Structure formats: C-alpha cells, structure tokens
Amino acid sequence: MSQDGRPIVELRGAGKSYGNVRALHGVDLQVFPSQVTCVLGDNGAGKSTLIKIISGLHQHSEGEFLVDGEPVRFTTPRQALDRGIATVYQDLATVPLMPVWRNFFLGSEMTRGPWPVRRLDITRMKKTADEELRNMGIILDDLDQPIGTLSGGQRQSVAIARAVYFGARVLILDEPTAALGVKQSGVVLKYIAAARDRGLGVIFITHNPHHAYMVGDHFSVLRLGTMELSASRSEVGLEELTNHMAGGAELAALKHELAQVRGVDVEKLPEKEDLTAPVVASEGTSS
Ligand SMILES: Nc1ncnc2c1ncn2[C@@H]1O[C@H](COP(=O)(O)OP(=O)(O)OP(=O)(O)O)[C@@H](O)[C@H]1O
Ligand SMILES: [Mg+2]
C-alpha cells in the first residue's frame, strides 16, 4: 500500500485530444487507498476518456500521469493491470454460458500437475471462488450456474470480488449502476464499499449524484472536458453536488423554456436541488 498518504494514482493537468476534439483538459485527480473517488459528469463530459488513460487504453496528450509517484505512460491495459489498476467495464467481459467460478478465474485459471499432464484444478477454483465471494459478503446459491443467469448487480459484484482477489490496488468502475434498478444499484454500492474497506482505491464513474454520495469520499465533476468541481465529502453536500451535475443555470433556463412551450406551471416544477420529485404539469386546476 502507499505510505505517508501518497496517492496510488495521480493526474496533474492531464488532457487528451482526439484529433481536433479536445476531450479532456487540465484535469487533476488523486486516488488514495481505502477511498472512493467519484467522477461525475454528463454525457460527453470526458469520464470514459479519463478512465481510458488510467486503464491503459489511451494515452494522455498533455500533463502528467503518475502511479506511486512515478510518471507513467501505459500503452496497453496489461501494463495498468501489472501496476494493480483493474477496470470493470459496463459490458462485463464475462462468458454468459460458463459457470460463475469459471468466469471468476477466466484467463488466470488454476492448474495442477506437471506440464505435459497439467489440467484445470476445478476443485480448488470452485472452493477459492466460493471463499472469495463470501469474504466480500456475496452469497450465491450455486457457483455452477452460468454467470448469464445472475442479475446485472450480481455480475458486477462478482467482477469486483474478482479484481480484489487478483490483487487490484485501484479498481475502476465505469457506470456500474447505470443500467440497474434501485435494489440492484444498492447491491453494487455495497460491494464498492466492501472493496474500499479491503484497502482498494476505487474510482467510481457515475451520472448519479445520489449513488456517488452514498459511498464517495471525494467528488470530481467533469464538464465539457474540464474539472468543474473537486471536493472532499466534508467540503460538499449532496444538494450542492446535484446542482453541479444539473448545472443550476441551465436548469433554470430549461424551466423557462418549458413554461413557454405550453401549460407547464414553472412554480410547480421541482426546485433544482430536488430533482427526484415528480414534475407536476398544471392541468386546469379544479375550481
Ligand atoms: N475515440 C474518439 N474519437 C473522437 N472523439 C472522441 C472519442 N472518444 C470520445 N470522444 C469525444 O470526447 C468527448 C468526451 O467523451 P467521453 O466518452 O469521454 O465522455 P463520457 O463522459 O464518458 O460520456 P458518456 O456519459 O456519454 O459515457 C466527447 O465529445 C466525445 O465525442
Ligand atoms: Mg462514458
């Protein structure tokens, strides 16, 4: 683990251009062990670009990228993985028809016996997968069931447990709750917290300030490729975070536009800090 509170991963003024498109510019980010760093932002804000740099898929074109205080420039995801940086993508790289335990060890299977007669050590893989999932508090009835039969939340959880088992120090999750319902999102948030408690530095990418605030220690909001807000939990509340995400001024403009469209009572639209409330259109009010 990093000593003296040094970040495992750090970006300093980092940026990335795709040809003429400047997707990311002047971004500072620090990822510490045992902390959840949330990266928030709207569509096209640069979230995926940011994590692609850290996970070795793309290279930054400006600024610095450091791991354990040392400048790095990864050219493959394998190099990031070798430094303990694991990424769980939303379209999980699992084989749906293979059993859960088999997916847990996919690409890193346990074997037994000397080379010419070496074979998969199925017993040990099943036992280890079972122990590791239980260690993270993930209880599945049957590890022989195809992973495709698990819910989205359970599959994310298995992927998190897998990264922990294979020694990840930094775990990157790209919108793990985006396609999930309330309950399944809760499941994933629980394992994000479990990974943090095991000492990992977690980078949690999300659109959802509520999800971020449930587990986050630090919040970075991207907007059009730059870091609009970078604040620790003690410096920012959920309301303010939601405002930053929504863009307070833009929301006010939208309200105004809606009012002009037709019959929408602006006063009854939710306040910008209360985006979860239902929108009430003014029907001819009962006389
Ligand atoms: N390979 C690419 N080539 C050219 N432009 C790209 C490429 N990838 C991303 N961009 C552009 O960079 C900007 C940031 O995109 P990015 O995918 O990082 O956003 P995001 O925050 O992940 O969005 P979303 O929430 O939709 O996933 C966008 O304007 C996008 O069009
Ligand atoms: Mg994205």
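Guide: Here is a short tour, term by term.
This is a predicted model, where local features need pLDDT of at least 70, side-chain atom pairs count only at pLDDT 80 or more, and totals for chains, interfaces and linings use all residues. Residues are numbered from 1 along each chain as its sequence is written, while chains are lettered from A and ligands numbered from 1 in the order in which they are written.

Visitor: What makes a stretch of the protein chain a helix or a strand?
Guide: Both are DSSP runs numbered from the N terminus: helices (H or I) have at least four residues, strands (E) at least two. The protein chain has 9 helices and 12 strands.

Visitor: Which residues are around ligand 1?
Guide: A residue counts as near if its C-beta atom, placed from the backbone, lies within 6 Å of the molecule. Among those around ligand 1 are Tyr-18, Asn-43, Lys-47 and Thr-49. Helix H1 (47-54) gives the largest share of this shell, 3 residues.

Visitor: How many residues of that shell are nonpolar, polar and charged?
Guide: There are 4 nonpolar, 6 polar and 1 charged. Here Ala, Val, Leu, Ile, Met, Phe, Trp, Tyr, Cys and Pro count as nonpolar, Asp, Glu, Lys and Arg as charged, and the others, Gly among them, as polar.

Visitor: Why are strands E2 and E5 said to stand at the edges?
Guide: Two strands pair if DSSP finds at least two bridges between them. The open sheet has 4 strands in the order E2-E1-E4-E5, with antiparallel pairing. E2 and E5 (70-71) each have a single partner strand, so one side of each lacks a neighbour in the sheet.

Visitor: How do you know that E4 and E5 pair?
Guide: 2 bridges join E4 (residues 62-67) to E5, and at least two are required, so the pair qualifies. Leu-66 stands opposite Pro-71 in E5.
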